[in-house]
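Here is a short report for a reader meeting this structure for the first time. Please keep the sequence and the model in view while reading.

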Amino acid sequence: MERVFLGSKFIQETLNSAQIKNEMSSRFIAGYLMRAAMAGAFALFGYIMIMAFDANFNDSLNSLGLVFGASFFSLCLVAIYYTRSELLTSNMMILSVASYFKEVKPARMFKILLICFAGNITGAIIISLLVANSTIITAPMLESLEHSLTVKQGYIATSSYVDLFIRAIFCNFFINVAMLMVYSGNIKSDSAKIVAMFFGVFAFAYLGLEHSVANTALFTLAAMLELFQGIDVGFEFVQALSNIGIVIIGNFIGGGLLIGYYYAYMNDNRNKIKDMK
């Protein structure tokens with residue numbers, strides 16, 4: 001059976017991880033929120049570095065700046081994984097597998113995801129408060145921030161909901177393909193795991209796909225800059241909230257359905273053994 005259902009290690013590792021998340025979010029919720037807050041902080045630092053690379057490369061080298069920015073953002077997922085922080089998007093896959101195997105009820109799955117997202121937001125808010133009251137964000141970085149806001153809020157302003165939705169699906173598809181490889185049991189070395197995670201995040205960052213936590217961190221930073229620095233960067237609350245709502249649903253489809261439920265079903269040998277006899 002191991003030769004046919006090659007994802008058995010992936011299933012076991014994912015269920016073990018889901019069990020830890022379920023226990024922590026119910027018995028040690030403060031610790032779970034702290035883990036999630038750190039993931040939100042890493043996501044914001046990733047965007048800040050993207051802005052910095054964008055600001056420090058001129059037009060002729062802008063594509064190179066995009067490569068550096070996407071590369072640094074990729075390392076943020078590596079940091080989240082190795083610090084055991086809790087990120088909404090990768091948890092969508094893990095908890096979907098647990099839901100498929102009835103280790104976690106659907107209502108409980110969405111509650112854990114909500115708690116995780118609350119922690120992610122908290123981390124982004126704390127770091128945004130600190131950054132907004134410093135000189136870290138330079139004028140050229142503000143131009144990059146304004147451009148990002150124009151693009152992301154523009155999907156709502158121009159009613160390009162389908163485009164935004166598809167970008168959100170592919171974003172978490174790439175991320176959780178990477179996490180699938182990490183949890184598969186087929187990758188033994190840390191260096192290979194890092195390469196796998198780098199591949200997934202680089203693809204979404206370089207293509208400009210839509211990540212719910214990263215977008216939330218970006219919008220939070222913009223709001224804090226306007227609030228504490230009085231700088232108008234074009235932040236629109238309703239458009240930002242609408243963006244996040246659509247992106248969360250798209251991310252869940254890309255990571256939860258297309259990776260989590262898909263690979264859980266494909267490697268579920270409970271009902272297939274009889275058919276093979």
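## The model

This is a predicted model. Every value below was computed from it.

## Where α2 meets α6

Two packed helices are described by the angle between their axes and the distance between the axes. Helix α2 covers residues 29-56, and helix α6 covers residues 139-157. Their packing angle is about 115°. Their axes lie 8 Å apart. The crossing of α2 past α6 is right-handed.

Which residues make the contact? From α2 come Tyr47, Ile48, Met51, Ala52, Asp54 and Ala55. From α6 come Pro140, Met141, Ser144, Leu145, Ser148 and Lys152. By class, this contact of α2 with α6 counts 8 nonpolar residues, 2 polar and 2 charged.

## The cavity

How many cavities of 30 Å³ or more does the structure hold? It holds 1.

Three helices each supply at least two of the lining residues: α2, α3 (62-82) and α8 (190-207). The largest share, 4 residues, comes from α3. By class, the lining has 10 nonpolar residues, 1 polar and no charged.

Helix α2 holds Gly46. Is Gly46 buried or exposed? Gly46 counts as buried because its relative accessibility is 0%. Leaving out residues up to four places away in sequence, Gly46 touches Phe72, Phe73 and Cys76. Gly46 and Glu143 are 97 residues apart in sequence, and their C-alpha atoms are 17 Å apart in space.

Ala41 also has its place in helix α2. Its relative accessibility is 7%, so Ala41 counts as buried. Apart from its neighbours within four places in sequence, Ala41 is in contact with Gly123, Ala124 and Ile127. Ala41 and Cys171 are 130 residues apart in sequence and 19 Å apart in space, C-alpha to C-alpha.

Ser74 sits in helix α3. Why does Ser74 count as buried? Ser74 counts as buried because its relative accessibility is 0%. Its contacts, not counting residues up to four places away in sequence, are Phe198, Val201 and Phe202. Along the chain, 127 residues separate Ser74 from Val201.

Thr89 belongs to helix α4. At 0% relative accessibility, Thr89 counts as buried. What does Thr89 touch, not counting residues up to four places away in sequence? The list is Asn172, Ile175, Asn176, His211, Ser212 and Asn251.

## Positive phi in two loops

Most residues other than glycine have a negative phi, and most peptide bonds are trans. Arg84 has a phi near 55°, a positive value in a residue other than glycine. Where is Arg84? Arg84 lies in the loop between α3 and α4 (88-100). With a relative accessible area of 59%, Arg84 is exposed.

Ser159 is not a glycine, yet its phi is positive, at about 60°. Its place is the loop between α6 and α7 (161-183). Ser159 counts as partly exposed because its relative accessibility is 46%.

Is Thr150 buried or exposed? Thr150 is exposed, with a relative accessible area of 56%. Thr150 is part of helix α6. Along the sequence, Thr150 and Val233 are 83 residues apart. In space, they are 9.2 Å apart, C-alpha to C-alpha.

Note on methods: Residues numbered from 1 in each chain as written. Predicted model: local features only at pLDDT ≥ 70, side-chain atom pairs only at ≥ 80, totals over all residues. Heavy atoms only, no water. Axes fitted to C-alpha atoms, helices over the stretch in contact; angles between N-to-C directions. Left-handed = near helix turned anticlockwise from the far one by under 90°. Contact = heavy atoms within 4.5 Å. Nonpolar A, V, L, I, M, F, W, Y, C, P; charged D, E, K, R; others polar. 1 Å grid on protein atoms, 1.4 Å probe; cavity = no way out; pocket = protein on both sides within 12 Å on 5 of 7 lines; lining within 4 Å. Points joined across faces, edges and corners; volume = space filled by probe spheres on them. Buried < 20%, exposed > 50% of the residue type's maximum accessible area, 1.4 Å probe, protein only.
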